[in-house]
Amino acid sequence: MKSFILPALAVTALLACQSFKNTTSMENTGTATAKQGWTPLFDGKTTAGWHTYGKNQASSAWKAEDGALHLDPAAKKQGAEGGDLVTDEEYDNFHLKLEWKIAPNGNSGIIFFVKEDPSQFHQTYNTGLEMQVLDNNGHPDAKIHKHRAGDLYDLIASSKETVKPAGEWNKAEIVSKNGKLDLYLNGTKIVSTTLWDDNWKKMVAGSKFASMPGFGTFKSGKIALQDHGDEVWYRNIVIKKL
């Protein structure tokens with residue numbers, strides 16, 4: 001009898017231990033990577049280091065809870081202010097890593113090279129490039145070419161779709177160095193292009209951003225998490241200057 005019970009208990013203990021290790025590793029990403037030149041952009045507990053575009057602080061619809069930055073649309077219905085969340089600091093050559101999770105039928109985005117000048121540019125996307133965050137199975141934007149999860153929004157479609165379903169965490173990476181831009185989703189490079197050359201200008205001219213003179217022109221800027229009105233979560237946000 002004991003020979004059967006003990007192994008079962010051992011297996012249970014092993015699985016519990018492994019689960020604990022995985023959780024601990026996830027929660028301590030910022031600490032673990034700091035020694036390798038990575039800087040956490042989110043402390044897991046507060047909105048420190050972030051503010052709403054054009055404001056002095058983060059709006060109350062963005063909440064730091066359960067180790068994630070959470071946009072809560074329900075709070076907006078109760079009077080909380082929303083808006084895109086942007087970093088306090090600007091970045092030029094960088095490697096950004098983060099994880100995102102979108103609610104069913106949801107839409108958001110990771111926008112970078114944002115020039116924060118609300119008097120001239122009313123929205124983050126007037127200047128910044130966007131890596132699309134989307135529920136491909138539920139949001140109508142998924143029916144539009146170059147608007148699916150992981151795409152360089154309205155400019156370049158992903159070479160391969162590696163996105164996970166709504167409600168599951170995705171690992172995104174954005175690497176920009178001296179005009180070379182690469183986007184990764186769940187460990188796979190899905191977009192690669194060169195910024196600011198003649199081909200880039202041609203792509204922009206053929207996109208919905210053609211009427212925005214500041215779009216895609218700045219070589220340094222802030223990073224934004226988009227409030228598209230849908231529930232979304234971001235966590236384990238770290239950056240390395242290149």
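Helices here are DSSP runs of H or I with at least four residues, and strands are runs of E with at least two, both numbered from the N terminus. By that count, the chain has four helices and 13 strands.

A word on the source. This is a predicted model, so to speak of local features we need pLDDT of at least 70, and side-chain atom pairs count only at pLDDT 80 or more, while totals for chains, interfaces and linings use all residues. Residues are numbered from 1 along each chain as its sequence is written, and side-chain values use heavy atoms, with hydrogens and water left out.

Now the overall picture. Buried means under 20% relative accessible area, exposed means over 50%, and partly exposed is in between, with a 1.4 Å probe and protein chains only. The chain has 242 residues, and 47% are buried. Next, contacts, meaning heavy atoms within 4.5 Å. Take those with a separation of 6 or more: 67% of them join residues 24 or more positions apart.

On to the core. A nonpolar core is a set of buried Ala, Val, Leu, Ile, Met, Phe, Trp, Tyr and Cys residues joined through side-chain atoms within 4.5 Å. The largest one has 50 residues. Which members touch the most others? They are Leu96, Trp100, Ile110, Phe112, Leu152, Tyr234 and Ile237. Strand E6, residues 94–102, gives the largest share of this core, five residues. Another core lies apart from it, with six residues, including Tyr53 and Phe121. In general, nonpolar side chains in soluble globular proteins tend to be buried together.

Next, the rings. Rings of Phe, Tyr and Trp (its six-membered ring) pair if their centres lie within 6.5 Å; planes under 30 degrees apart are stacked, over 60 edge-to-face, and the rest tilted. The whole structure holds seven aromatic pairs. One of them is Phe112 with Phe113, tilted, at 5.8 Å centre to centre and 55 degrees between the planes. Phe112 is buried, at 0% relative accessible area. Phe113 is buried too, at 2%. Another pair is Tyr153 with Phe209, edge-to-face, at 6.2 Å and 65 degrees. Why does this pair tie together parts that are 56 residues apart in sequence? Because Tyr153 lies in the loop between E8 and strand E9 (170–177), and Phe209 in the loop between helix H4 (198–205) and strand E12 (222–225). Tyr153 is buried at 11%, and Phe209 at 4%. There is also one aromatic cluster, made of Phe94, Phe112, Phe113 and Trp196.

Some charges sit over rings. That takes NZ of Lys or CZ of Arg within 6 Å of the ring centre and within 35 degrees of the ring normal. Lys101 lies over the face of Trp233, 4.8 Å from the ring centre. Arg235 has its charged end over Trp169, 3.9 Å from the centre of that ring.

Lys and Arg count as positive, Asp and Glu as negative, with His and the chain ends not counted. A salt bridge needs a side-chain nitrogen of Lys or Arg within 4 Å of a carboxyl oxygen of Asp or Glu. Glu130 is buried and has none; Lys208, the nearest side chain of opposite charge, is 7.6 Å away. Beyond four places in sequence, Glu130 touches residues including Phe112, Leu152 and Tyr153.

Last, the backbone. Most residues other than glycine have a negative phi. Asp66 has a positive one, about 55 degrees. Asp66 sits in the loop between strand E3 (62–65) and strand E4 (68–71), and is exposed at 79%.
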